[in-house]
Structure formats: structure tokens, C-alpha cells
Amino acid sequence: MIEIRNLSKSFTLHNQGGVAIPVMAGAHLRVDHGECVGLVGRSGAGKSTLMRMVYGNYLAGGGSIRIGGLDVVTAEPREILALRRAVLGHVSQFLRVVPRVPTLEVVAEPLLRLGTPAPQARARAADLLARLNIPERLWALSPTTFSGGEQQRVNIARGFAHDYPALLLDEPTASLDAQNREVVLCLIEEAKARGAAILGIFHDEGARERVCDRLVDVTGFTRGLAA
Amino acid sequence: MTLMQNAITAAPLLSVQGLTKRYGARIGCAGVGFDLYPGEVLGIVGESGSGKSTLLSCLAGHQRPDEGRILFDGADVLAFSEAERRRLLRGDWAYVHQNPRDGLRMGVSAGGNVGERLMAVGARNYAAIRESATDWLGRVEIAADRIDDRPSAFSGGMQQRLQIARNLVTGPRLVFMDEPTGGLDVSVQARLLDLLRGLVRDLGLSVVIVTHDLAVVRLLADRLMVMKSGRVVECGLTDQVLDDPQHAYTQLLVSSVLQV
């Protein structure tokens, strides 16, 4: 489902003397349907950079990233947008929303964008928020005022609202208590069971052992480069 | 996968090629080209004098470019007769000004402002016009009992929402926006952004939005075009351009934003 070949990346800082910093070369990776692959490597080794390239958020320098038949490296912006809407989900560490939009709408939005009827989208959002223990009295409020853990759970609910065939998870269990961590791990297991290909970063070792089928050390993709 | 295929096989709604506008020897904008697809929001950013407003006014038919082509739904807009151009500006196209006073008739009631645009495209039934105006005031969150008030009695945020209602009542397919949240308080901006996002999604509008506010484009625009000295220096997915800018000028622009 996700296939990365010979991926490379460097940053050129034009306003700091035009210095070019190579951060990745020769990255190879494959995630099949129903499989969860965890990225490991010390902080700064390039786990997040790789995830961002897969999502099309960072431009790759070379190589290919094929997801469901589309090469993200060479795709047009609108092809990436269509991929993100229907195929590739992303749970980031931070929730970025328009202030004032109620939590229920924030979570239902990915479904509304896909054309799911509003009552059905909201029912699914309500179901996920309830599972993630966000009290119903908060659903009508904007999540911008919520605690860090609550925002993280809203973000997870939003990321799991649509059954994406491929999912990127960046520290999905960080800042969660044991009960909510368990809910998130179950959501990940359910996604795998329905055939989703998942690529994730998990600093939580227990979570990693439970949901990851394989681990890939990104240090191997940066060896010999300035870091 | 069908949704994805639909999105990819659709033809562009607006196709711009080699658009150039000079003011004597000075360049307003030069060699600008892009395709805008149905339901897509394109943000144009750059500092004052970068040519973004010149570009928008050429696109929207307020100024005639010196060179280039503008195709709307396949038709060459610059070859339109004056009558055809007016019909386009009243129906399929809409323009939201930065200052609502430029887009509203301040001496006419709120309902009249909305109804007027409907009448310009041929609506004649008073009851139907008033009903449509009331419906649109509701959609932009203006209470029905304000329908007979003049916009001069409205706050800046309300005036801007009224301008949006006046523009969208005729069901345009393409909306041009010039700094639509400029000059508004931050809390009022948020409300307007939320409203715009909902309208764009529910009505499938295509939008070209000019702003200097990177936070606004991050939330509203699918794609971003960065302009400097009349030329496009970088374009791409909004979050990619903002998070991994390639051009020196974009890097400077992004790194100059204060973090809050």
C-alpha cells in the first residue's frame, strides 16, 4: 500500500548563506495492507521528516513514494489533496483548527469533505468522541481551549473518522492516560484488521510492541550524511 | 477511489496563462499562469507591492492585462463583449472586497443589498427575492430582524458577512477575495474564516484569495502561490509551501511570522 524507494531529502537555507543540509538518502520502506510499521531512531534521525514526505508536507529531493498507485514525489498538488481526502489519513501531534468550530464538527469534517451526509458524519464523530472519553458537554465547544490530552484525543478521533486505507500516526499515545491509551491502541488494531496500512512513530515502547508488526530504523537512511 | 478519480479527471474551471500587466515601464505582474479546479481554493501571498492585488484585479476583470489568456470554463474571457463580461461578473463570478464599503451599497437595506444582485440576474418576484435574502442573511449569521437595517448600522464583521451574502446569493462558481479578513478583530476574523470554510465546502466554490496573512491561507487555501516583484516565485500545496519553502523569499516570509 505504501512503498518508498530510494528516497532522499536535503534542506537549503537560502537566508543562511545558502547552506544545503542533506538529511536523508536511499530510504526504502514498504507497508502492506493490514500491517503497522514503526519508525525508530534517535531524536533528530529523520522519523518525522520521512513521515512528512510521505504526507506530501515536505518535498522529497529524489526517489519515489507510491501510495495506492500515486507517486507523492511527482504528484500534482490536487492529486495529493485527493489522496489525503480519501486514501491517506494523518494523526499529527498537534491539532490545528479554525477557532470557534465545535469539536463535533472538527471530528466530522473529514467525512463531510468526502460527501458523507451530515447526520451520518456527526453520528460517527459522536461515537469516536464517546469512545475517547471526551465528555458530551464539550462537543459543542471549540477544542482550542481544551487540555493537551483532550486536544490529542480530538485529533485522534478526527484521524480515525474516515476508514482511510493508509494511515500515518505521529506519537498517537503521547500524553494519554492508561484508559485512553488503551482506546487508541484498540482503534489502531481495528484499522489494521480492516486492512489499513499504518506507518507510525511510537516512543511508547509498550504500544510499539503491541501494534507494530515490524520496526524500521531510519538511522540507516541517514548514515554518512551531516546530521 | 471514485472520489479521487473525479477530483483528478475534472477540467480546470479557471485557466490562466502568461498574464502580464505593465504600468508604463513598471511591472504590475508578469508571466503568471495557473489552473484552478472546481472546489479548489488558491491563496496568493506576498508583501505590499508584490503584484498580488494587480493580478487579482486583472483576473476579476477590473483591469485589462497587457498579455496573457484567461479561460473560464473553457471560454476566453478577455474576448468577451462588454455585455457578456457584465453577465459573468453578476452571475458566475463574485468579488469580495477588503473594505465592505466597496462591495456594498451603504444607503440600501441589508435585504436590498442581497436582493439587488438577484434582480441583476433577472429575479423579479418580490416575495421570492425577500425569502432568498432572509435565507442568505441567516447563512452568514445576520439575524432576520436586521433585514431592513442599512449596513452603515452594522459592525465591520457584520458588514463583511453581508458582503459575502450579497456575493454568494446568485450561486457563483468562482469567488475572488481581496484580504477578506483584513481590518477585522482577530475574534471576528475567526468567525469569518469558519463561515467561509463551511460555504466553500458546502457549495463547492472555487476561490482565489489574496492576503498577506499566512495564518488565513493555512486555514483556507488548498494551494498557495507566492509572489514577489510581480512574479510567482513559488507555488504548491499550502502546507508544503509554508512548512518546507524552497525559494529564498518564501523562506524569509515564513520565518518572519511571529509565533503565537
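**Strands, a helix and an interface**

Student: Which residue stands opposite A:Ile67?

Tutor: A:Ile67 stands opposite A:Leu70, which belongs to strand 5 of chain A. This is a predicted model, in which local features need pLDDT of at least 70 and side-chain atom pairs count only at pLDDT 80 or more, while totals for chains, interfaces and linings use all residues. Residues are numbered from 1 along each chain as its sequence is written, chains are lettered from A and ligands numbered from 1 in the order in which they are written, and side-chain values use heavy atoms, with hydrogens and water left out.

Student: What makes strand 4 and strand 5 of chain A a pair?

Tutor: Two bridges join strand 4 (residues 62–67) to strand 5 of chain A, and the two run antiparallel; since strands pair if DSSP finds at least two bridges between them, these two count as paired. Strands themselves are DSSP runs of E, at least two residues, and helices are runs of H or I, at least four residues, numbered from the N terminus.

Student: Where do these strands sit in the sheet of chain A?

Tutor: Four strands form an open, antiparallel sheet in the order 2-1-4-5, and its edge strands are strand 2 (19–31) and strand 5 (70–71), each of which pairs on one side only. Helix 1 (residues 47–55) of chain A packs on this sheet and touches strand 1 (2–13), strand 2 and strand 4, where contact means heavy atoms within 4.5 Å.

Student: Why is the meeting of A:Arg100 and B:Glu141 called a salt bridge?

Tutor: The N to O distance between their side chains is 3.4 Å, and the rule asks for a side-chain nitrogen of Lys or Arg within 4 Å of a carboxyl oxygen of Asp or Glu, so this pair qualifies. Across the interface of chain B and chain A, the rule finds five salt bridges.

Student: Which helix of chain B gives the largest share of the side that touches chain A?

Tutor: Helix 8 of chain B does, with six residues, and the residues on that side divide into 13 nonpolar, five polar and twelve charged. Here Ala, Val, Leu, Ile, Met, Phe, Trp, Tyr, Cys and Pro count as nonpolar, Asp, Glu, Lys and Arg as charged, and the others, Gly among them, as polar.

Student: How do you know that strand 6 and strand 7 of chain B are paired?

Tutor: Four bridges join strand 6 to strand 7 (residues 174–178) of chain B, running parallel, and this meets the pairing rule already given, so they are paired. B:Trp93 stands opposite B:Leu174 in strand 7 of chain B.

Notes. Axes are lines fitted to C-alpha atoms, for helices over the stretch in contact, and angles run from 0 to 180 degrees between N-to-C directions.
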